Protein chains: 2
Amino acid sequence: MNADLSAQFAAFLDNDEVVAATPDLLIDQRRRFTAAPDVVLKPKTVDSVQRIMRYCFERKISVTPQGGNTGLCGAAVAQGGVLLNLSRLNRLREINLADNSITVEAGMVLQQVQEEAAKAGRLFPLSLASEGSCQIGGNIACNAGGLNVLRYGTTRDLVLGLEVVLPDGELVSHLQPLHKNTTGYDVRHLFIGSEGTLGVITAATLKLFAQPKSTATAWVGLPDIDSAVGLLSLVQGHFAERLESFELVSRFALELSAGYSSLPKPVDAEWHILMELTDSLPNDSLPDYLAEFLYQHGFENSVLAQSEQERRDLWQLRENISASQRSLGTSIKHDIAVPIAEVAGFVRECEPALQAAFPEIRVVCFGHLGDGSLHYNTFLPDVMSNEVYEYEDRINTIVYEHILSHKGTIAAEHGIGTIKKHWIPRVRTAAEIALMRAVKAQLDPHNIMNPGKLLPDA
Amino acid sequence: MNADLSAQFAAFLDNDEVVAATPDLLIDQRRRFTAAPDVVLKPKTVDSVQRIMRYCFERKISVTPQGGNTGLCGAAVAQGGVLLNLSRLNRLREINLADNSITVEAGMVLQQVQEEAAKAGRLFPLSLASEGSCQIGGNIACNAGGLNVLRYGTTRDLVLGLEVVLPDGELVSHLQPLHKNTTGYDVRHLFIGSEGTLGVITAATLKLFAQPKSTATAWVGLPDIDSAVGLLSLVQGHFAERLESFELVSRFALELSAGYSSLPKPVDAEWHILMELTDSLPNDSLPDYLAEFLYQHGFENSVLAQSEQERRDLWQLRENISASQRSLGTSIKHDIAVPIAEVAGFVRECEPALQAAFPEIRVVCFGHLGDGSLHYNTFLPDVMSNEVYEYEDRINTIVYEHILSHKGTIAAEHGIGTIKKHWIPRVRTAAEIALMRAVKAQLDPHNIMNPGKLLPDA
């Protein structure tokens with residue numbers, strides 16, 4: 001921390017907008033990265049953000065925007081300069097029922113966005129493990145995915161309008177609920193997923209949906225992933241958009257989570273699917289309908305949630321996988337996606353290749369089979385936690401080469417940050433990277449916005 | 001036409017890829033603009049497109065991509081250089097049922113994309129008046145909207161991956177069905193809606209959906225737009241995503257269309273709504289359910305389609321408005337959108353303002369109330385067709401000022417082309433326009449891609 005710099009900002013900000021650097025702001029959720037900013041600012045208004053950016057632009061001081069600090073790729077970790085924490089910029093600006101939209105400031109916690117929508121009788125569908133602490137601005141900056149992309153799309157698909165403070169302090173505000181608006185190149189989508197490297201997202205207008213009035217939740221045991229893909233096709237062909245979640249869990253992932261959760265395993269099988277149908281019209285017979293469907297198609301190794309408590313227990317088993325796997329030590333995480341028809345082949349081929357290089361390796365595989373994205377976490381039980389990352393490049397290379405040979409992506413929903421940026425030249429052409437650099441140079445000529453993130457080193 | 005230039009292209013293309021300039025290629029659908037290219041090319045392969053672009057890039061020859069030539073803003077009208085007609089690049093590349101996607105080349109007619117999806121038991125939802133002749137590449141280049149954006153989004157929302165030939169001839173291909181993929185700035189969305197100014201879209205991977213298994217279609221007469229907005233809220237609150245279309249028709253528009261179609265008016269009223277519910281599960285009682293709902297809420301001046309023929313007749317009344325209004329002469333068209341709560345206010349205020357300036361003016365107002373977008377077409381019955389456009393600027397100014405004061409957009413789904421580009425500085429900030437120019441300069445340093453379109457003159 002730099003007391004002189006803090007004093008400079010204190011001279012034109014409110015006293016409480018210049019804050020102490022507490023550990024929760026400096027250390028990321030996975031305890032992997034430690035930020036080392038010169039000053040930590042918590043602006044309360046968009047005007048403060050603009051004044052901060054103008055000041056930094058003139059003096060070429062770097063600025064790293066930070067939401068809930070739940071990112072998994074190091075994108076919100078400040079090295080020097082200003083750590084710009086947006087948690088105080090968290091007001092509800094507007095709910096618009098005619099257009100089914102909500103306008104909120106970037107620092108609102110995702111769960112609160114969901115709650116504000118619910119209070120108005122609507123659904124804001126984005127849902128992911130860290131929803132109790134991640135902030136909507138961070139979700140937008142990373143184009144977060146989560147549990148129901150299958151039905152509602154990623155964060156990108158939910159954003160109607162953005163308000164952004166550019167690196168020079170200028171405000172660009174298009175907080176509008178219009179579903180059709182085509183007036184020149186789509187700048188909005190450049191900011192979504194740009195991980196704070198192009199400007200500071202300060203507010204957004206987001207889509208709302210009808211609340212589900214009926215739900216059916218099933219847990220199905222299957223011998224292999226091919227069977228799970230077959231079930232997915234059947235369910236989509238029949239229930240179509242009513243299918244909201246279709247989550248894959250491996251035997252090992254379920255064992256970990258069941259132990260951690262003190263809950264029984266719903267069924268015994270190599271692979272498991274947790275699926276949920278919802279309907280916006282009341283329909284008490286939806287669970288029976290799903291049960292009948294599973295029975296008719298021979299998926300008898302399955303359990304239907306018979307109460308809201310049973311439904312919550314099934315979801316606990318899915319959601320506790322992340323927490324339960326910590327008993328295995330520090331993981332090298334892979335947030336990947338392949339076309340759905342390629343999932344089985346990828347899983348079949350990748351684990352033996354990893355075992356050939358690391359005989360002791362353990363893989364915890366689970367994720368959103370409905371949209372082809374997997375959390376593929378690897379553990380080296382013999383390796384001390386602080387040495388795990390020495391193996392990251394070798395493990396990543398094996399996993400990512402398999403992903404690319406199966407026409408997949410190395411970054412489905414966690415972003416790029418610092419840990420994947422050297423892979424960008426493998427997945428984007430030179431012309432695309434040159435275009436990204438031109439966009440960056442135009443908006444941020446002094447490279448003050450979250451430098452060192454997302455774009456590969458020159 | 002330039003015989004020397006034609007010979008240069010004939011030297012490295014197949015003979016039949018250099019074609020004669022027939023009127024259907026030169027004159028736009030509205031007979032407003034006439035193209036004057038030096039040469040017309042119809043490449044049959046992506047390789048030919050690349051060779052054409054490389055040749056033009058080196059020699060700084062301008063290239064105007066053209067699809068079905070159904071654009072309404074002059075974006076596909078070539079002035080000099082190459083008119084690059086993509087209609088022969090029209091193959092089906094792949095249908096992927098596991099990922100619910102279809103990959104087609106840019107020149108495939110929209111209706112054929114719909115038909116290929118239907119053959120595979122799926123729905124490609126994009127639907128608009130010119131679907132029998134417009135091409136999917138043009139739809140993507142303009143981010144076309146249409147009849148069911150309410151449920152499925154605009155073209156932008158339907159594109160998973162793009163294949164683009166850049167101005168220098170380089171191919172950027174991301175034809176992938178992944179729903180989650182966040183690897184750097186989103187270049188895809190720059191090309192969507194860029195109206196051929198950044199490169200040539202040659203193929204796309206598009207989302208497919210379940211086919212509707214049941215449909216309910218109603219025509220409702222209402223005293224005013226406020227009542228129509230009230231009905232929309234009620235229907236959305238109850239039927240949610242089952243609402244696929246919610247079309248507004250004025251009394252005058254219905255009179256024109258009923259006369260043209262030789263069909264009776266379904267009901268007598270000042271304003272009319274044509275709405276359609278669909279469900280991907282079979283549900284024979286959906287029409288009864290809708291009828292009961294309308295009756296319970298007092299919308300008794302309404303008609304339910306009792307057969308597929310009755311349904312088609314109701315849609316004919318909606319779809320024939322465009323054709324029927326030609327009897328009024330040449331129109332100044334406005335393709336606008338406002339937040340739904342602002343629609344009534346806009347319509348109430350704008351027509352008197354137009355009448356104050358042009359006492360004889362007639363307004364044909366109809367459109368997609370469900371997403372707030374309107375076709376607001378104005379006619380000057382006393383003015384000769386060839387003189388109508390002399391009044392365009394004055395009429396546009398009145399309409400657009402009202403649109404902007406109601407927080408709307410001057411370009412909902414038709415694009416910008418040449419006729420609206422001078423309005424861009426009113427709706428985008430200087431920083432945004434500078435960013436657009438930087439993107440353009442990076443990809444197209446010689447300004448050969450569709451010059452003079454979309455971007456405001458410098």
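Predicted model: local features only at pLDDT ≥ 70, side-chain atom pairs only at ≥ 80, totals over all residues.
## Two copies, one axis

Residues are numbered from 1 along each chain as its sequence is written, chains are lettered from A and ligands numbered from 1 in the order in which they are written, and side-chain values use heavy atoms, leaving out hydrogens and water.

## Where the chains meet

On each side, 81 residues are involved: 81 of chain B are in contact with 81 of chain A, contact being heavy atoms within 4.5 Å. Since 99% of chain B's interface residues are also interface residues in chain A, the copies meet through the same surface.

Chain B and chain A bury about 6600 Å² between them, 58% of it on carbon and sulfur atoms. That figure is the accessible area (1.4 Å probe) lost on putting the two parts together, summed over both. B:K180, B:T182 and B:Y185 supply 16% of the area that chain B buries against chain A, more than any other three residues.

## A helix pair in chain B

Now for helices, which are DSSP runs (H or I, at least four residues) numbered from the N terminus. In chain B, α9 (residues 225–239) packs on α11 (residues 286–296) at about 135°, the axes being 12 Å apart. Axes are lines fitted to C-alpha atoms over the stretch in contact, and angles run from 0 to 180 degrees between N-to-C directions. α9(B) and α11(B) are therefore oblique to each other, oblique being whatever is left once angles under 35 degrees (roughly parallel), over 145 (roughly antiparallel) and 65 to 115 (roughly perpendicular) are taken out.

From α9(B), B:L231, B:L234, B:V235, B:H238 and B:F239 meet B:Y289, B:L290, B:F293 and B:L294 of α11(B).

Notes: Helix = DSSP H or I, 4+ residues; strand = E, 2+ residues; numbered from the N terminus.
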